[in-house]
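The entries follow the order in which I looked things up.

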Amino acid sequence: MFDIYDDLQQRGLVHQTTDDGLQSWLNAQPRTVYVGFDPTADSMHVGHLMGLMTLHRFQLAGHKPIALVGGATGMIGDPSGKSQERNLLSVDELRQNTEAMAEQMRSFLDFDNGENAAELVNNLDWMQGFSYIEFLRDIGKNFPVNVMMGKDSVKSRLDRTDSGLSYTEFSYMLLQAYDFAHLNQQFGCEIQAGGSDQWGNITAGIDLGRRMHSVSLYGLTWPLLTKSDGAKMGKTESGAIWLSPERTSPYKFYQYWINVADDDAGKCLRFLTDLSLEEIENLDRSREDEPHRRESQKKLAESVTCIVHGDSGLHAAIKATEVLFGAEIENLTDAELLDIFADVPSVEISPDRLSGGELSMIDMLVESGLCSSKGESRRTIEQGGGYINNRRVDSLDRVLSVDDLASETVIVLRRGKKKFALARFPS
RNA sequence: GGUGGGUUUCCCGAGCGGUCAAAGGGGUCAGACUGUAAAUCUGAUGGCACAGCCUUCGAAGGUUCGAAUCCUUCACCCACCA
């Protein structure tokens, strides 16, 4: 067992705690900690990494982690940090999402290592048996509305004139609070961790535990992971970065971390990797002294991709990176190319047009979707932004031929630095 | 209800009878530099059969050799007065 509090503290992961004695309490004996995840989609995304890694660390330190998937709370929608009432998901969607997320947890937590094996629970299991009357009598009775009204998550919504807060969302914290009390009874769980926006819900659970069972519970929040420019980590113009390879390919996932700004790299390394503090400090120094080597980003991308996608996913991502950012592409097989460019859009074109010498680069860029009009295509080529197999096209009249095939039937097109498309000419 | 002002290309915003596909800025896209970064610099930025042609300036009509620019009607927005 190592000092988890000290570890979290040094990594900057302690935002708020409910008790100053938390550190010694944690070190006294193995404890059971829980973090909740709402099943809002059929995959988790980068935003969930903080919670997953926190549980992961607790487990490494010798404590018992419980990952709670909110099958029940997900039906309500947490108003914390949300500016608008949420749309309700269907029971069916929630069930699928819950299962998919549970599967993804396996990369982060060990569910069968005996002593402090992780537990996976779904609050729907204990919530669905409740009748409304029962819940009001047993649970609701313990919540003073005036206290609830004081919570930031509620207050901020009441202050808005453009979007209110439904009774349903207002009641959300009762459900989450009950989860904590319930896990305490069932698993002896005594501490709940969460993002800083969960503070209100966590303390509500602690209050409930004291009122219902006279137990002392603890809470811990981590800071929100944001970028130095204020934006949310894990969001790109094209949407969130997901953990599921179907939604975000390992290559894209890897690239996201490779491209993390220097200013954010240190934080990400501390929050999202298992690297020792000593290693991280070395990387900090490397970023300072030889930033061009980007050791931090490489290490970060490697580490995070590996835990999410495993060794094979990591290797695929690195291989793809080498090809995409390497020299001219040639002498590869279709299989290799299609694998590497798995998440690149592709168009299928009749091979006759290739052998007939009638397929111009101008048309090709438009047909592949890299350019939206011939004018744009023309411009791109004129400015040196059009590439075939990573080799720049220098003439507006360039016509594609069978000699341009990078593999049996594929030509790799590129616009600018990073936008690729595949043209396939199946025979 | 009355009187003025507005509606411009992705956004903001100039233009006020021909030299207007329409200044300038932002954004975006390419290029250079670089570290697959940031900053910076350069170029591009309606479509096409691209030294030319076609379609755009709230909508529909009209005046004129010619209109984003003038007139009429309609729609929406803003300001001031009731």
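I began with strand E10 (residues 386–388), which pairs with E12 in the antiparallel sense over 3 bridges; strands are DSSP runs (E, at least two residues) numbered from the N terminus, and two strands pair if DSSP finds at least two bridges between them. Gly386 has Arg415 of E12 as its bridge partner, and Tyr387 stands opposite Arg414 in E12.

I noted that this is a predicted model, in which local features need pLDDT of at least 70, side-chain atom pairs count only at pLDDT 80 or more, and totals for chains, interfaces and linings use all residues. Residues are numbered from 1 along each chain as written, chains are lettered from A and ligands numbered from 1 in the order written, and side-chain values use heavy atoms, without hydrogens and water.

I then followed E12 to strand E13 (residues 419–424): the two pair in the antiparallel sense over 6 bridges. Val412 has Leu422 in E13 as its bridge partner. Their hairpin has 3 residues between the strands, and Gly416 takes a positive phi near 65° there.

I traced the open sheet of 5 strands as E9-E13-E12-E10-E11, with mixed pairing. Strand E9 (346–348) and strand E11 (391–392) are the edge strands, each pairing on one side only.

I checked the cover of strand E12 (residues 410–415): 5 of its 6 residues are buried, meaning under 20% relative accessible area with a 1.4 Å probe, protein chains only.

Key
Buried < 20%, exposed > 50% of the residue type's maximum accessible area, 1.4 Å probe, protein only. Helix = DSSP H or I, 4+ residues; strand = E, 2+ residues; numbered from the N terminus.
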